[in-house]
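Please keep the sequence and the three-dimensional view at hand while reading.

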Amino acid sequence: MFTKIVWNNEEQYGCEYLSILEANEKLLVHSTIIQAAEGVADANLVNYQVDLDANWITKKVKLNVDQQALELHSDGKGNWSNSEGEEIETLKGCIDIDISATPFSNSMPINRLNWTSHQKEHFHMAYIAVPSLEYKKVPQSYQYLREEDGIRYFLYRCYDYETTIAVDSNGLVVDYPGVFSRQF
């Protein structure tokens with residue numbers, strides 16, 4: 001499987017080109033994002049790579065934002081370390097990552113589970129802020145609402161923010177209202 005996607009960032013100026021390659025029971029995700037806040041003359045160039053196992057569990061994430069870099073490793077059971085192998089206690093219990101600049105983050109918890117109507121699940125995410133590359137553990141939840149014409153709808157919540165996101169049959173975001181829209 002080789003998948004290519006382009007998302008527009010509706011909240012800030014910019015877009016993302018993402019590719020997913022399935023090889024040797026792994027998923028290799030590569031992406032390039034260009035983003036700039038309204039009224040800001042500077043744009044950020046973000047490149048990231050996520051290595052997932054066949055069950056959509058994060059094993060490694062590498063991010064580069066302009067001249068900054070971050071690399072995190074996971075055993076897939078909620079234990080994280082940095083590129084030097086040092087344990088990151090503050091991320092303990094997180095299975096998935098949430099990179100602030102991309103809707104791809106929503107695909108990982110959605111694709112790890114077999115959802116039934118109105119099922120609600122709670123997650124702790126390793127949230128990575130772009131452009132600062134600061135990370136922290138955040139609670140999020142997804143509730144499967146319905147399917148219409150091959151599109152699945154989930155109620156997404158993080159703290160006091162909530163929205164309904166739409167994903168295709170591969171669990172990849174088609175519409176994240178007011179934030180991201182898929183071009184192809």
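Y17 counts as partly exposed because its relative accessibility is 38%; the term buried applies under 20% relative accessible area, exposed over 50%, and partly exposed in between, with a 1.4 Å probe and protein chains only. The structure is a predicted model, in which local features need pLDDT of at least 70 and side-chain atom pairs count only at pLDDT 80 or more, while totals for chains, interfaces and linings use all residues. Residues are numbered from 1 along each chain as its sequence is written, and side-chain values use heavy atoms, with hydrogens and water left out.

Y17 belongs to strand 2, which covers residues 13-23. Strands (E, at least two residues) and helices (H or I, at least four) are DSSP runs, numbered from the N terminus. Together with F2 and L21, Y17 makes a nonpolar surface patch of about 290 Å². A patch consists of residues with over 30% relative accessible area and no salt bridge, where nonpolar side chains (Val, Leu, Ile, Met, Phe, Trp, Tyr) are joined within 5 Å and like charges within 9 Å. Accessible areas come from the Shrake-Rupley method with a 1.4 Å probe, and for residues only the protein chains shown count as cover.

The next topic is the empty space in the model. Rolling a probe the size of a water molecule over the atoms shows where empty space is left. The largest pocket holds about 460 Å³ of space. On a 1 Å grid over the protein atoms alone, a pocket is an open set of points with protein on both sides within 12 Å along at least five of seven lines, whereas a cavity is a set where a 1.4 Å probe fits but cannot get out; lining residues have an atom within 4 Å of a point. Grid points are joined across faces, edges and corners, and the volume is the space filled by probe spheres set on the points.

Which residues lie nearest the centre of the largest pocket? Of the 26 residues in its lining, these are D98, S100, Y127, Y156 and Y176. Strand 8 (96-99), strand 9 (120-128), strand 10 (135-148) and strand 11 (151-158) each supply at least two residues of this lining, and strand 10 gives the most, with four. By type, the lining has 15 nonpolar, eight polar and three charged residues. Here Ala, Val, Leu, Ile, Met, Phe, Trp, Tyr, Cys and Pro count as nonpolar, Asp, Glu, Lys and Arg as charged, and the others, Gly among them, as polar.

Charged side chains also form pairs. The whole structure has five salt bridges, each defined as a side-chain nitrogen of Lys or Arg within 4 Å of a carboxyl oxygen of Asp or Glu. One of them joins R146 and E148, at 2.6 Å from N to O. R146 is partly exposed because its relative accessibility is 36%, and E148 is partly exposed at 39%. Another salt bridge joins R182 and D168, whose closest N and O atoms are 2.9 Å apart. This pair links distant parts of the chain, 14 residues apart: R182 is in strand 14 (residues 180-182), and D168 is in the loop between strand 12 (161-167) and strand 13 (173-176). R182 is partly exposed, with a relative accessible area of 25%, whereas D168 counts as buried because its relative accessibility is 11%.

Finally, P109 lies in helix 1, residues 107-112, and is buried because its relative accessible area is 0%.
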